[in-house]
Structure formats: C-alpha cells, structure tokens
Amino acid sequence: YGARRRKELVSVNCAAIPAELLEAEIFGHVKGSFTGAHKDRVGYAEAAEGGTLFLDEIGEIQLDLQAKLLRFLQDGEIRPVGSNRTKQVDVRIVAATNRDLQERVRAGAFREDLYYRLAVMPLELPALRERAEDIPHLVRFLLVQQAKEGLPSAEISDVSVSALQAYSWPGNIRQLQNELVRAATFATEGTIQPTDLSDDIQAASA
C-alpha cells in the first residue's frame, strides 16, 4: 500500500548468478568493461528506480561485492562496472536468505555493517514443518498457479492434504511446489490421491 506499489519490483537471485558477474548484473556495466560487454547495460538497481529491488539469497554475496552494496545502501549511488561516473538511484531494498546471517557475521563471511544496514525490519519465516496449518492454503494456491502457468494441475483430496501436512518438508516451499507438479502429473482422474504422492510422503502419513 506504499508509494512504491505501482513502481517496478525487480528480483535478483544472488545465488544463481556467478560471483564474477553479479556486480555487473546489479549495478550495470559499460561497453568494453569485460569480455562479452558489447554494449552498455542498465543494472537491476537502476531498473528498479522508484520501486523495489529484491535481493534473494543475499547471504551468498562475496565480501568484495558486500562492500560495494553497503556503499550503495548508504549513499544511494551506483557505479556501473567499467565506468568512472556514479548515478543516483532511489530504490527500496528487500533482502532474503536461508542463511543465519548473524552466524555468518561471526564467521567473518558477512559484513557486520551491511547486516545492520539491511536488518531495519527483519522478518523470520518459520520452516514449513513448523507451520503445517499453512499447507492446505499453500497447496490450493500453488495448484491454481500451476494451472495459470500451463503446468500439470489437478484438484486434491482432503486425505492427500493431510498426508502433505504430516511430512517434514526439508526443502520447504520449493519442495512442496515440485511435489504438487509431480502429483498432478500422476493424478489420472483429475484429483490428487495419496497414491499419487512420493513414497517418502506416503510413508510419513502411514
């Protein structure tokens, strides 16, 4: 409901981009700054101007880039790779990680000053196994999303939902998503039954 709600939301998975390219992806680069840089490119931070930059898996960022990210957060300035000019950028930062950042700070793998710059309003999302009551809502939401995206989808029986609630979900939401795609693929009559679920899930509910 904030003033940025109609602006861009740009998402970056920091774990999915090679460390040597991540700086250029976030801050942009100029032509010729490295092999393959055939033209100037706007980075994700600038692309999110006026809106929100979501940095997923921020715990995976290398220390040298952490220093540059801290400067960006403090001054609101970016410097594209290979450029000697800075640009002022107005974005809101939202960051997420499955790492314990305080533990990584103690281990020297994450800058303490960057942690406190980011941790303005920290929210901890419990593991899926700790909130089994959310699973029925998540299951129905994800099945609708699968149908919208052209993935296998189906109805699901109440007993199958109960089986999903009995499982511990070490892979959290991503594992649940994959399980539902798999189960919907095997649902021969358009409704996911317990026999359509993975063996581990069937065993957990037996």
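**Close-up 1. Lining of the second largest pocket in the predicted model.** Helix α3 provides the largest share of this lining, namely 3 residues. The pocket has a volume of about 150 Å³. Of its 13 lining residues, K68, R71, E77, I78 and R79 lie nearest the centre. Two or more lining residues come from each of α1, α3 and β3 (77–78). By class, the lining of the second largest pocket consists of 5 nonpolar, 3 polar and 5 charged residues.

**Close-up 2. Packing of helix α1 against helix α3.** The axes of α1 (residues 19–27) and α3 (residues 63–75) come within 11 Å and cross at roughly 15°. Angles under 35 degrees count as roughly parallel, and α1 and α3 are therefore roughly parallel to each other. The crossing of α1 past α3 is left-handed. Helix α1 contributes L22, E23, I26 and F27 to the contact, and helix α3 contributes L65, K68, L69 and F72. These contact residues comprise 6 nonpolar and 2 charged residues, with no polar ones.

**Close-up 3. The largest pocket and the elements that line it.** Strands β2 (52–56) and β5 (92–95) each supply at least two lining residues, as do helices α4 (101–106), α5 (112–118) and α8 (172–186). The lining of the largest pocket divides into 21 nonpolar, 6 polar and 9 charged residues.

Note on methods: Residues are numbered from 1 along each chain as its sequence is written. This is a predicted model: local features need pLDDT of at least 70, side-chain atom pairs count only at pLDDT 80 or more; totals for chains, interfaces and linings use all residues. Side-chain values use heavy atoms; hydrogens and water are left out. Axes are lines fitted to C-alpha atoms, for helices over the stretch in contact, and angles run from 0 to 180 degrees between N-to-C directions. Helices (H or I, at least four residues) and strands (E, at least two) are DSSP runs, numbered from the N terminus. Angles under 35 degrees count as roughly parallel, over 145 as roughly antiparallel, 65 to 115 as roughly perpendicular and the rest as oblique. A crossing is left-handed if the near helix is turned anticlockwise from the far one by less than a right angle, and right-handed if clockwise. Contact means heavy atoms within 4.5 Å. Ala, Val, Leu, Ile, Met, Phe, Trp, Tyr, Cys and Pro count as nonpolar, Asp, Glu, Lys and Arg as charged, and the others, Gly among them, as polar. On a 1 Å grid over the protein atoms alone, a cavity is a set of points where a 1.4 Å probe fits but cannot get out, and a pocket is an open set with protein on both sides within 12 Å along at least five of seven lines; lining residues have an atom within 4 Å of a point. Grid points are joined across faces, edges and corners, and a volume is the space filled by probe spheres set on the points.
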